[in-house]
Amino acid sequence: MTVIRNLSRAISQVLQSPGCGCQTSIVPVRCIGVSPRQVTSDANFHSVSFSETDHPRVLITGGLGQLGVGLAKLLRKRFGKNNVILSDIRKPADNVFYSGPFIYSDILDYKNLREIVVNNRITWLIHYSALLSAVGEANVPLARAVNITGLHNILDIAAEHSLRLFVPSTIGAFGPTSPRNPTPDLCIQRPRTIYGVSKVHAELMGEYYHYRYGLDFRCLRYPGIISADSQPGGGTTDYAVQVFHDAIKTGKFQCNLKPDTRLPMMYIDDCLKATLEVMEAPAELLTMRTYNINAMSFTPEELVQEVQKHVPEFEVTYNVDPVRQAIADSWPMNFDDNNARKDWGWKHDYDLPELVTTMFNFLGSESRIAQAN
Ligand SMILES: NC(=O)c1ccc[n+]([C@@H]2O[C@H](COP(=O)([O-])OP(=O)(O)OC[C@H]3O[C@@H](n4cnc5c(N)ncnc54)[C@H](O)[C@@H]3O)[C@@H](O)[C@H]2O)c1
Ligand SMILES: C[C@@H](O)[C@H](N)C(=O)O
């Protein structure tokens, strides 16, 4: 019995090693790189073999947005600076450029993506490029190209090169006919934004590639993310970041959502921690490939009350943006993330008071430094 237990533990350790993207085969001998673009209907993907001490070689697409730079910092601490490559179509700031490898990559250029993956021996792909909810509604053709066509490129590259692939989804993948309080992992998903539609598409395509081709696809539905040292890229939850900057700069804030609009939110450190944890989770713990994650849920009114504990004279007025309000009214109010907690031990660190204190500590010290210079 002991021998069998040890043997099965050894096999599962091989399957759990960070670089191993294999679920379908117990003995991943070598990579057979077959792309769904190139091949037969019954193709099966196999993993590259890795020694257990190997670190993954990570490529982050869309890395200059709100989340990518922070994720690169976290992953570089864990896997080494040169094992994590940031990429985007924009020009990086000096501090980002000099903090580790950066490369130009347009996800709509399949050949260029493939070249980057091959030349850098990438094993993990974190796909952050996207147009968010509000900017997506302002430019539907571009959102469709980046969020859907771009995703197809990413899926094919990941399958062809046996990568472990992370694609974030969002609370925006639900719509007005979904249960909103709370919203479980599995329920009706009929979003009314191109952003939401593209994210449901990503969830379904990723899961399909997983079951059809053995792609190691992993996906978390993020709530609205709040960060101090990076700006949001044009979403419906952006107000919850701007409020801190305005409280410090002017003591006044104009909110573009109604005071009682409740949405799930999360501090960036929790979001990045969850992303690393799900990427490192042993495959056999994942009973699903797409999980809700949650930390807190609040309205603008509740956030303002918490902000006023730090800036008592803080004033807010409401000037509702009908596009953003309609989007927010169709999204979850509370997120049910019990499956993530049960399967791979997800646990958030920041609640609302902790988040607000952390934001003010960070932004306050930044503005003191700016005043001193
Ligand atoms: N920030 C949030 O609150 C939040 C919540 C849920 C899900 N997400 C998801 O997390 C991911 C990262 O979010 P973010 O807030 O950092 O987004 P962001 O909008 O701040 O950044 C997206 C990046 O994608 C890049 N990009 C656009 N077109 C591209 C192309 N053709 N090729 C390569 N890059 C391109 C942009 O230059 C930008 O830097 C997105 O997929 C988003 O949907 C974010
Ligand atoms: C929620 C999330 O996907 C993004 N922050 C948006 O509002 O569009």
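## Ligand shells

The shell around ligand 1 is made up of 13 nonpolar, 13 polar and 3 charged residues. Here Ala, Val, Leu, Ile, Met, Phe, Trp, Tyr, Cys and Pro are classed as nonpolar, Asp, Glu, Lys and Arg as charged, and the others, Gly among them, as polar. This is a predicted model, in which local features need pLDDT of at least 70 and side-chain atom pairs count only at pLDDT 80 or more, while totals for chains, interfaces and linings use all residues. Residues are numbered from 1 along each chain as its sequence is written, and chains are lettered from A and ligands numbered from 1 in the order in which they are written.

There are 29 residues around ligand 1, and those that come nearest are Gly-62, Gly-65, Gln-66, Ala-130 and Gly-233. A residue is near a molecule if its C-beta atom, placed from the backbone, lies within 6 Å of it. Helix H6 and strand S8 (224-226) each contribute at least two residues to the shell around ligand 1.

## Chain overview

The chain contains 13 helices and 13 strands. These elements are DSSP runs numbered from the N terminus: helices (H or I) have at least four residues and strands (E) at least two. Of the 373 residues in the chain, 45% are buried. Buried means that 20 or more other C-beta atoms, placed from the backbone, lie within 10 Å of the residue's own; exposed means 12 or fewer, and partly exposed is in between.

Taking contacts between residues at least 6 apart in sequence, 77% join residues at least 24 apart. A contact requires two C-beta atoms, placed from the backbone, to lie within 7 Å.

## Helix H6 and its packing on H7

The axes of H6 and H7 come within 10 Å and cross at roughly 15°. Axes are lines fitted to C-alpha atoms, for helices over the stretch in contact, with angles from 0 to 180 degrees between N-to-C directions. H6 is therefore roughly parallel to H7, the term for angles under 35 degrees. The crossing of H6 and H7 is right-handed, that is, the near helix is turned clockwise from the far one by less than a right angle.

On the H6 side the contact is made by Val-140, Ala-143, Arg-144, Asn-147, Ile-148, Leu-151, Leu-155 and Ala-159. H7 supplies Ile-194, Tyr-195, Ser-198, His-201, Ala-202, Met-205, Gly-206, Tyr-209 and Tyr-213. By class, the residues of the H6 contact with H7 are 12 nonpolar, 4 polar and 1 charged.

## Ala-145 in H6

Ala-145 is a residue of H6. It counts as partly exposed because it has 14 C-beta neighbours inside 10 Å. Apart from neighbours within four places in sequence, Ala-145 is in contact with Leu-108 and Gly-150. Ala-130, one of the residues that come nearest to ligand 1, is 15 residues from Ala-145 in sequence and 9.5 Å from it in space, C-alpha to C-alpha.

## Helix H8 and its packing on H10

Helix H8 (residues 239-249) and helix H10 (residues 300-308) have axes that come within 11 Å and cross at roughly 30°. H8 and H10 are therefore roughly parallel to each other, and their crossing is right-handed. The contact involves Tyr-239, Ala-240, Val-243 and Ala-247 of H8, and Pro-300, Leu-303 and Val-307 of H10. The residues of the contact of H8 with H10 are 7 nonpolar, no polar and no charged.

Buried residues in H8 are Tyr-239, Ala-240, Val-241, Val-243, Phe-244 and Ala-247. Just after H8, Gly-251 has a positive phi of about 75°.

## Backbone features in loops

Asn-181 and Pro-182 are joined by a cis peptide bond with omega of about 5°. Pro-182 is in the loop between strand S6 (169-170) and helix H7 (194-213).

Two residues other than glycine take positive phi values near 50°: Arg-121 and Ser-162. Arg-121 is in the loop between helix H4 (110-119) and strand S4 (124-127), whereas Ser-162 is in the loop between helix H6 (140-160) and strand S5 (164-166). Arg-121 is exposed, because 10 other C-beta atoms lie within 10 Å. Ser-162 has 26 C-beta neighbours inside 10 Å and so counts as buried.

Methods. Angles under 35 degrees count as roughly parallel, over 145 as roughly antiparallel, 65 to 115 as roughly perpendicular and the rest as oblique.
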